[in-house]
Amino acid sequence: MTMNEKTVPASSGSGGALREKRRSPWWEVWRRLRRNKAAVAGMTVVILLLFVAVFAPLIAPYDPNQTNIKIRLQPPSAEHLMGTDNFGRDMFSRVIYGSRISLYVGFIAVGIGAVFGGILGAVGGYYGGRLDNFIMRCMDVLLAIPQIILAIAIVGALGTSLLNLMIAVGISQLPRYARVVRASTLTVRGQEFVEAAKAIGASDTRIILENILPNCMAPIIVQSTLGVAQAILAAATLSFLGLGIQPPTAEWGSMLSSGRQFLRNAPYLTFFPGVAISIVVLALNIFGDGLRDSLDPKLRQ
Amino acid sequence: MLRYFTKRLIFLIPVLLGVSIVIFAIVHLAPGDPAEVMLGPSATQEDIGKLREQLGLTKPLYVQYWIFLTNALKGDLGRSIKSNAPVLEEILERFPATLTLASLGMLFAITVGLPLGVLAALKQNTWVDALCSFFALVGFSIPNFWVGLMLMLLLSITIPILPSSGFDSWKNLIMPTIVLGIQTMAVIARMTRSSMLEVIRQDYVRTARAKGISDRLVLTRHILTNVMIPVVTIAGIYFGHSLGGVVITETIFSIPGLGRLIVDAIRAQDYPVVQGGVLFFALCVGIVNLLVDLLYAVLDPRIKAQYRSAK
């Protein structure tokens, strides 16, 4: 599926009526997306969560790192909506602040994977031949290692830090972007407007950036939306294993990990962070599904 | 067909070679020095130097890699720094538990996911469909380690009917199976649904119905056989994925398998075990993919015919 530039009329100055009819393809996508109730709900939740993350200090009733042994392990109450942990920290505030790290890690990791994977895929697809073959075989190698194990190995080697976590998750997602971009590059490569660009003497870099990539955006966006969901899951998993974000930082995976030992007496410590992860990932998945449907109506039956 | 599979088997070699380079590079990027780790903080500089020499760590990296590779080809993956046992021995000792778990997880995923997808497709656009589809989406989205903890809370603590850790009886296997299989189950359900919806509209299905074949026969003989192919593909891909999932499952339920071996090895900087373990995982993924290809031919006579003519 490509957003062909062909849909833009060759003589764009030929009267307003024609332009009115042929709105940008993105407007068309937005129109279809709006009609999909589930996708709109997913999008709303994602936007809401972004707000929560940005305005965490205003929403959280307490300082997420303020310890107070006197009120440790209190069950949920009006004062502490999600209870308090073993250091007496307010769980609700910690869950609110946790959204920051999760979304941050999710978006940056996908950014790393999509940019580098995208470059590899576009270059491979555009030039073809041996280079393409080499790049894709390298991706096969990365795909041969289960994603989470690859990420664990990278974090293990680089050491645990926020940046390393994002790099590890990003690299483990790299092959899928490379494949998606390569596939759409192949479909776009032979089209007239690419040839036209070549004919007027545009450089390869310019053709890839200005003609090819904009026409591959649809699958990249869908893949990235679903990718953020999986990156958030992967990051939480690594933190849960003690290989990601380290305590005392408020992060959902590591909160689950430290709440685990109190599963018997204080199950709310593991319940709420898990619910938070599930909601984020679910919303992103629903939104991503809807986006895919509206970008490619053919797939929907 | 045999020739095709021999060819595929040979293609596996460069991939494994690539994996060995990648994992070797990753492990040797690690800042810690294995000799220091082995001897502990009280070791003298002299002892560390001697051990480095002994382990071959003073040689250039490409020489170290060559030694690792030639030994690996002979089935020698080195010795664990922590236990001093041969790495391959440790892997094989723990592999049965992991394989059991992964297979059971897959079995669970198929036995629940397939009917769920079929049901959703047959009742398309009804509340049954919505429920099944939502269930699948939830299964795909919730973190499996959290599912594990919640199951434990429910079935080991609140209603204590299942043990929360260990690997002795079938009771130990129930919760890990669900945790490991839930994501694959969701994926299979979704794939089955969309594949069903496509097949149901095919002409041969209408023809079969027109001939007066019972609904059940049309479903089992005409629809499901065609639905299976994309489903098997996805299941195969996710089997490799769920092999990675054992890392979580084995950690939560304290099962002595391969996943925990690798995680523990990374924490202890036991690099020969990490290297060998990851390489072994990649080998398993490769073999599973090959088996999936074999299964295609069994499921789809058209593919079988293609292999024959390719001969």
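This is a predicted model: local features need pLDDT of at least 70, side-chain atom pairs count only at pLDDT 80 or more; totals for chains, interfaces and linings use all residues.
Biologist: In which loop of chain B does Ser254(B) lie?

Modeller: Residues are numbered from 1 along each chain as its sequence is written, while chains are lettered from A and ligands numbered from 1 in the order in which they are written. Helices (H or I, at least four residues) and strands (E, at least two) are DSSP runs, numbered from the N terminus. Ser254(B) lies in the loop between helix H10 (215-252) and helix H11 (258-267) of chain B.

Biologist: Is Ser254(B) buried or exposed?

Modeller: A residue is buried if 20 or more other C-beta atoms, placed from the backbone, lie within 10 Å of its own, exposed if 12 or fewer, and partly exposed in between. Phi of Ser254(B) is near 45°, a positive value in a residue other than glycine. Because 12 other C-beta atoms lie within 10 Å, Ser254(B) is exposed.

Biologist: Leaving aside neighbours within four places in sequence, with which residues is Ser165(B) in contact?

Modeller: Ser165(B) belongs to the loop between helix H7 (144-158) and helix H8 (171-200) of chain B, and with 13 other C-beta atoms within 10 Å this residue is partly exposed. Two residues are in contact if their C-beta atoms, placed from the backbone, lie within 7 Å. Once its neighbours within four places are set aside, Ser165(B) is in contact with Phe253(B) and Ser254(B).

Biologist: Turning to chain A, how many of the 12 residues of H7(A) are buried?

Modeller: Chain A has 13 helices and zero strands, and of its 301 residues 48% count as buried. The buried residues of H7(A) include Gln147(A), Ile152(A) and Ala157(A). H7(A) is largely enclosed by the rest of the structure, because the number of its 12 residues that are buried is 11.

Biologist: How far apart are the end C-alpha atoms of helix H7 (residues 147-158) of chain A?

Modeller: The expected span of a helix is 1.5 Å times one less than its number of residues. For the 12 residues of this helix the span should therefore be 16 Å, and the distance between its end C-alpha atoms agrees, at 17 Å.

Biologist: Which element gives the most to the side of chain A that touches chain B?

Modeller: The contact takes 37 residues from chain A and 41 residues from chain B. On the side of chain A, the elements giving two or more residues are helix H6 (129-144), H7, helix H11 (217-240) and helix H13 (268-295). With nine residues, the element that gives the most is H7(A).

Biologist: Which residues touch the most other members of the largest nonpolar core?

Modeller: A nonpolar core is a set of buried Ala, Val, Leu, Ile, Met, Phe, Trp, Tyr and Cys residues joined through C-beta atoms within 7 Å. Not counting residues up to four places away in sequence, Ile232(A) touches Ser102(A), Val105(A), Gly106(A), Ile277(A), Val280(A) and Val281(A). Of the 164 residues in the largest core, those touching the most other members are Ile152(A), Ala153(A) and Ile232(A).

Biologist: Which helix of chain A has the lowest mean pLDDT?

Modeller: The mean pLDDT of chain A is 84, and 91% of its residues reach 70 or more, although pLDDT stays under 50 over residues 1-16. Among the elements of chain A, helix H5 (residues 91-127) has the highest mean, 91, and the lowest, 52, belongs to helix H1 (residues 16-21).

How values were computed: pLDDT is the predictor's confidence in each residue, from 0 to 100.
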